[in-house]
Amino acid sequence: MKYVMVSDLKTKGKFKLFPATAYSISPFDHGVLYGDGIFEGIRIYNGRIFKLKEHLNRLWKSSAYIGMKVPFSKEQLSKAVASLARKNKILNGYCRLVVTRGIGDLGINPKKCSIPTTFIVVDQIALYPKEFYEQGLPVSISSIPKIPRECLNPNAKICHYENNILSMAEALKKGAREAIMLDLNGNVTECTGDNIFLVFGNTLYTPTTRNILAGITRETVIGMTRKMGLKVKERDIKPAELFRADEVFLTGTGAEIVPVNKIDGRKIGRGNAGPITLKILRRFRAETLNPKNSYPIQ
Ligand SMILES: Cc1ncc(COP(=O)(O)O)c(C=O)c1O
């Protein structure tokens, strides 16, 4: 049986373990009513929580942005995630850590929520079938622009994904598996749950962090590639450049490193996983097993 760890108004703000099927979130929780909350998705590799420190730092930045204090310390959350992974016997898997504004009334007023709801799920995740990592993923360019940062800062990881969900639904209708979202000026930003990289020769190009979530996998890739003798440039990217790239790949905690083989039906590079993408994927896998990057569950 799988367990979840929850702290909310009903548990008086203390973490409690519940069988996953025995806990239900309140319909008055503002995370449910308004998407008012923040979250992190974190991988566990070989009994260690990958880049936990970086995920918690980002959670703290997101909480500052929405003006809500996370009701635990980083150490308490680290220990809670580790103990849940042990309880659920997950040595390789995925953790979802969510902090919502909490239980309030039906109105939007966040001040009516006295205690944030914090919940942790640790389970298995498989985002794409194995063949996508070899043959590449078909993606499309979304007709729906990304919410501008002046309205909602994409650097904060907020439980409000409707903009991304609408783009994903459109992509699926077109037979693609991900959507590339553009900003209001028509620049490439990111996908609905991943960052994007273009490869031209030995140089990688990726959009600046102005209009994207500064992904932890993106940062890891940037750090590794510099050591691999590849150059990385962060700058604005127009959609036309995507079609001229030798390779395009996506990065994210769930997806890891996934090659793109087609964009709106047009072949990218050779139309399968390119050599640089595969090299980065291999190096990334080694990085996930390096203990200096992670927090032990034991
Ligand atoms: C919109 C968006 N961009 C990028 C990413 C990739 O970020 P990370 O590598 O930290 O998982 C995610 C996933 O969390 C995301 O939801």
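Ala, Val, Leu, Ile, Met, Phe, Trp, Tyr, Cys and Pro count here as nonpolar, Asp, Glu, Lys and Arg as charged, and the others, Gly among them, as polar. With that division, the shell around the ligand in this predicted model has two nonpolar, eight polar and three charged residues.

**Ligand shell.** Of the 13 residues around the ligand, those that come nearest are G215, I216, T217, G252 and T253. Two elements, α6 (216–227) and β13 (247–252), each give two or more residues to this shell, and the largest share, three residues, comes from α6.

**Helix α6 and its partner.** Besides its part in the ligand shell, α6 meets helix α8, which spans residues 275–288, and the axes of these helices come within 10 Å and cross at roughly 110°. Because angles of 65 to 115 degrees count as roughly perpendicular, α6 is described as roughly perpendicular to α8. On the α6 side the contact is made by T220, V221, M224 and T225, while α8 brings I280, R283, F284 and E287. By class, this contact has four nonpolar, two polar and two charged residues.

**Domains.** The domain assignment of the protein gives domain 1 (3–123) and domain 2 (130–288), and the centres of domain 1 and domain 2, taken over C-alpha atoms, are separated by 27 Å. Their contact takes 21 residues from domain 1 and eleven residues from domain 2. On the side of domain 1 that touches domain 2, the elements that give two or more residues are β3 (37–45), α2 (52–66) and β5 (93–100), and β3 gives the most, with eight residues.

| Contact of α6 with α8 | four residues | two residues | two residues |

**Residue I25.** The loop between β2 (16–19) and α1 (30–34) holds I25. Is I25 buried, exposed or partly exposed? A residue counts as buried if 20 or more other C-beta atoms lie within 10 Å of its own and as exposed if 12 or fewer do; I25 has 15 other C-beta atoms within 10 Å and is therefore partly exposed. When residues up to four places away in sequence are not counted, I25 touches V32 and T117. The C-alpha atoms of I25 and Y295, which lie 270 residues apart along the chain, are separated by 28 Å.

Key:
Residues numbered from 1 in each chain as written. Predicted model: local features only at pLDDT ≥ 70, side-chain atom pairs only at ≥ 80, totals over all residues. Near = placed C-beta within 6 Å. Helix = DSSP H or I, 4+ residues; strand = E, 2+ residues; numbered from the N terminus. Contact = placed C-beta atoms within 7 Å. Domains from an automatic or database assignment. Axes fitted to C-alpha atoms, helices over the stretch in contact; angles between N-to-C directions. Parallel < 35°, antiparallel > 145°, perpendicular 65-115°, else oblique.
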